[in-house]
Amino acid sequence: MDRDSSAAKPAFYNEMYQADGSVRGHYAAYAEWLEDKRVEYLLQKQREADALYTRLGITFAVYGEETGVERAIPFDIIPRILDAAAWSKIHDGACQRVRALNAFLRDIYHDQDIVRAGIVPPEYVTGNSLYRPEMRGFTVPGGVYVHVAGVDIVQTGGDEFFVLEDNLRTPSGVSYMLENRNMMMRLFPELFSRMSVAPIDHYADLLLENLRAVAPAGRTDPVVVVLTPGPYNSAYFEHAFLAQQMGVELVEGQDLFVADQQVHMRTTRGPKRVDVIYRRIDDDFLDPLAFRPDSVLGVAGLFSVYRAGNVTLANAIGTGVADDKSTYIYVPEMIRFYLGEEPILQNVQTWQLRKPEELGYVLSHLPELVVKEVQGSGGYGMLVGPTASREQIASFRRRIEAEPAKYIAQPTIALSACPTFCGSSIAARHVDLRPYVLSGKATTLVPGALTRVALREGSLVVNSSQGGGTKDTWVLEQ
Amino acid sequence: MLSRVANSLYWISRHVERAENTARMLDVTYRMSMLPYRVLESGQAWSEPWALPLVISGLATAYYERYPGALSPNKVLRFMVLDPLNPSSIYSCIHSARENARTVRGAITSEMYEDLNALWLNLHTQSFESIAAEGISEFFDYIKMQSHQFRGVTIGTMLRDEGYHFIRLGTFIERADNTARILDVKYHTLLPSVSDVGGAVDYYQWGALLRSVSAFDAYRKVYRDVITPMRVIELLVLRDDVPRSLHVCMNEIYQILSGLADASSLEPERLAGELHAQLHYGRAEKIITFGLHEYLMNFLDKLHSLNQEINQHFLVPVYAQAQAQAQAVSR
């Protein structure tokens with residue numbers, strides 16, 4: 001079918017087409033298949049996919065709307081394809097990063113060598129509100145703090161990848177990675193016989209294996225559970241999905257109780273001890289005795305059992321300090337410091353406005369830059385220079401000048417774009433990539449990731465709450 | 001298996017079964033309302049056919065609170081079919097079944113979830129007007145067929161593990177409860193005093209009772225004769241080959257509980273065994289002498305106790321240790 005003429009616009013990297021309009025090598029087989037497909041055919045497949053997602057109940061809850069509203073996350077039927085070389089870089093780079101971050105967490109909750117070496121300032125460690133003093137001196141099984149990490153990566157050129165953010169608390173979205181693949185195999189089985197796409201469906205096995213590997217010492221055949229805040233959480237589908245795929249119980253706080261310094265679950269055969277909890281509840285809500293006393297989602301006494309080494313939490317408590325924007329800046333240094341390696345994936349250039357010379361540069365380049373609050377998230381307290389009005393820039397400038405240390409700045413990044421089915425044609429839309437790195441037995445990941453796509457033309461916002469969708473991500477085998 | 005999960009499974013099937021029974025009951029009432037009926041005791045709630053579904057479900061008070069004024073077929077239908085504020089309406093039952101299924105997706109098969117979810121998505125978009133336009137009887141048929149389908153999908157796809165047994169348990173507990181209630185209220189309506197037993201009965205009314213529990217054809221096959229109260233009691237209480245009889249329900253419940261019982265959960269099995277024996281060795285004449293109403297009230301009481309034992313042993317257990325912990329927290 002015809003493609004949108006804007007697809008080859010050169011302002012950003014187009015993953016499928018070269019600037020002259022010819023198809024890049026790793027998309028050749030797909031392009032050949034796509035060539036004789038009519039819009040009606042694609043439209044029918046797209047409808048089939050949408051109907052299946054709704055019927056299967058693969059939905060996310062939308063906060064702030066009528067209670068109980070669930071939506072199917074928009075899914076695009078055109079895959080995002082990565083060649084083996086690109087994948088190998090992403091794989092090695094993401095694993096390297098997570099190994100360094102685990103070492104960093106182990107260090108800051110023990111001797112703090114990296115602070116004493118003068119690499120990370122103490123106010124960014126112990127002075128960070130996400131640092132958990134309760135974790136000082138406590139050694140987690142295997143020294144693993146982050147068992148599941150989501151590393152957000154953007155591509156800007158054929159071989160250029162940058163890490164935007166590390167998600168080290170309870171990263172979500174992996175169920176979409178897995179379900180998107182199932183959907184593509186259901187819709188286009190013939191494509192999988194034409195192209196050798198690396199399989200990802202062993203993710204749950206790998207996750208379970210890693211979780212069992214970090215059970216408290218001496219537990220043979222450890223019992224693993226997934227702890228969810230409950231069916232009204234936006235990611236509940238995923239919690240249930242992962243528990244089912246691993247063949248373990250999906251528990252809520254009310255299912256667990258502490259007795260004799262052990263965590264037990266209430267079963268139809270009486271109490272049963274739990275060894276590893278893959279928790280999808282934030283630190284604050286885990287234990288009303290140790291953290292927020294008003295939490296009804298957690299388990300009273302859980303933290304004391306955890307500190308006694310009688311149950312393992314994945315991820316560990318207190319990992320938030322390492323995925324903060326202020327800590328992000330130091331990840332390349334962490335890689336050098338702990339691993340003695342050079343970073344494989346680069347950070348996005350970041351100016352720290354607490355440094356006078358960087359502040360000066362940023363203030364004179366505000367219209368080109370993105371300025372973010374160090375502690376902010378979800379797009380709040382943020383200036384996007386290229387789209388901001390003169391007044392907005394002026395008022396933001398005054399805020400920066402008042403408290404420069406509160407801010408960081410980054411260049412506006414030209415996210416790569418992938419062909420996306422837009423109902424009547426195929427057009428380029430911007431994408432990012434989130435692979436899920438598992439640690440426990442070893443640090444590893446399956447050859448795949450969640451690709452999020454900004455469905456609105458020109459948009460760089462890939463969040464599902466703001467018009468973002470997902471694609472299946474294909475890693476081609478050599 | 002987690003107690004909470006077992007509890008949800010149990011209530012998935014209870015709610016689906018209840019939706020089906022409500023659909024049956026309303027359908028029969030609807031059909032009967034098109035025939036002339038005898039006012040047996042005017043002024044009594046049960047003298048009016050449209051009050052029967054409310055009395056049987058124990059919802060008469062709730063109904064009058066929600067819809068004050070004269071009883072009307074339309075209002076009863078609205079209340080029993082789509083009213084989200086009536087926890088036993090077909091709408092609420094399917095909603096609860098689907099919400100329970102959603103919370104225990106990992107414990108049921110994807111076919112079961114897809115089936116219930118599709119039913120909910122359809123029901124969710126219906127209005128009373130859209131149902132009336134399609135035909136109310138067609139709607140009840142649809143609900144009945146969906147319930148059959150869900151049961152079939154459950155039996156056809158689910159691993160025969162503990163979860164399966166709790167789903168089946170919910171079906172038969174709800175069914176036994178429903179058959180006993182229908183029989184009690186209908187019998188009461190038809191025969192206001194026990195001395196009337198053996199007197200003239202309205203063929204249509206008895207037919208309706210049998211139809212509302214899908215036993216009309218069974219009656220004809222078994223007896224090939226006119227409908228008598230004694231035979232109806234035998235059919236719906238004592239026979240072990242009529243799918244909705246109390247005996248068949250207790251057969252299933254006893255078997256399931258024997259399979260689930262371990263050293264710490266013998267009481268539910270014992271209670272079920274006792275109820276089962278009472279039906280297994282029962283005689284219709286004795287029941288009539290004892291009084292059908294008293295007999296059924298006694299049965300429902302025991303079923304209620306059994307349900308409580310099932311809760312304590314399997315579904316919502318209270319442990320001494322957990323209680324101690326909870327007290328420590330509140331201190």
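Visitor: Let's start with chain B. How many helices and strands are there in chain B?
Guide: Chain B has 17 helices and 0 strands. Keep in mind that this is a predicted model.

Visitor: Okay. What percentage of the residues in chain B is buried?
Guide: Of the 331 residues in chain B, 54% are buried.

Visitor: And what about contacts across the sequence in chain B?
Guide: Take contacts between residues at least 6 apart in sequence. In chain B, 66% of those join residues at least 24 apart.

Visitor: Show me one residue. Where is B:His247?
Guide: B:His247 sits in helix H13 of chain B, which covers residues 246-260.

Visitor: Is B:His247 buried or exposed, and why?
Guide: B:His247 counts as buried, because its relative accessibility is 3%. The cut-off for buried is under 20%.

Visitor: Which residues is B:His247 in contact with?
Guide: Leave aside neighbours within four places in sequence. B:His247 then touches B:Val237, B:Leu238, B:Arg239, B:Asp240, B:His276, B:Leu279 and B:His280.

Visitor: New topic: salt bridges. How many are there over all chains?
Guide: The search of the whole structure gives 50. One of them links B:Arg181 and B:Asp177, at 2.8 Å from N to O.

Visitor: Where do B:Arg181 and B:Asp177 lie?
Guide: Both are in helix H9 of chain B. They are 4 residues apart, about one turn of the helix. B:Asp177 is buried, at 14% relative accessible area. B:Arg181 is partly exposed, at 30%.

Visitor: Which residues do salt bridges with shared partners join into one network?
Guide: The network holds B:Glu17, B:Glu20, B:Arg24, B:Arg151, B:Arg175 and B:Arg244.

Visitor: Now the two chains together. How many residues of chain A are in contact with chain B?
Guide: 31 residues of chain A meet 31 residues of chain B. Together the chains bury about 2,700 Å², with 48% of it on carbon and sulfur atoms.

Visitor: Which three residues of chain A supply more of its buried area than any other three?
Guide: A:Arg266, A:Thr268 and A:Arg269 do, with 25% of the area that chain A buries against chain B.

Visitor: How many salt bridges cross that interface?
Guide: The rule finds 4 between chain A and chain B. B:Arg4 forms a salt bridge with A:Asp255, with closest N and O atoms 2.6 Å apart. There are also 13 residue pairs in polar contact between the chains.

Visitor: What kinds of residue does chain A put on that side?
Guide: The side of chain A that touches chain B has 15 nonpolar, 8 polar and 8 charged residues.

Visitor: Last one: the largest nonpolar core. Which residues touch the most other members?
Guide: Those are A:Ile277, A:Tyr306, B:Ile90 and B:Leu306, in a core of 173 residues. Helix H9 of chain B gives the largest share, 12 residues. Apart from that core lies another, of 64 residues, with A:Trp474 among them.

How values were computed
Residues numbered from 1 in each chain as written. Chains lettered and ligands numbered in written order. Predicted model: local features only at pLDDT ≥ 70, side-chain atom pairs only at ≥ 80, totals over all residues. Heavy atoms only, no water. Helix = DSSP H or I, 4+ residues; strand = E, 2+ residues; numbered from the N terminus. Buried < 20%, exposed > 50% of the residue type's maximum accessible area, 1.4 Å probe, protein only. Contact = heavy atoms within 4.5 Å. Core = buried A, V, L, I, M, F, W, Y, C linked by side-chain atoms within 4.5 Å. Buried area = accessible area lost by both parts, 1.4 Å probe. Salt bridge = Lys/Arg side-chain N within 4 Å of Asp/Glu carboxyl O. Polar contact = N/O pair within 3.5 Å; in protein donor to acceptor, adjacent residues only side chain to side chain. Nonpolar A, V, L, I, M, F, W, Y, C, P; charged D, E, K, R; others polar.
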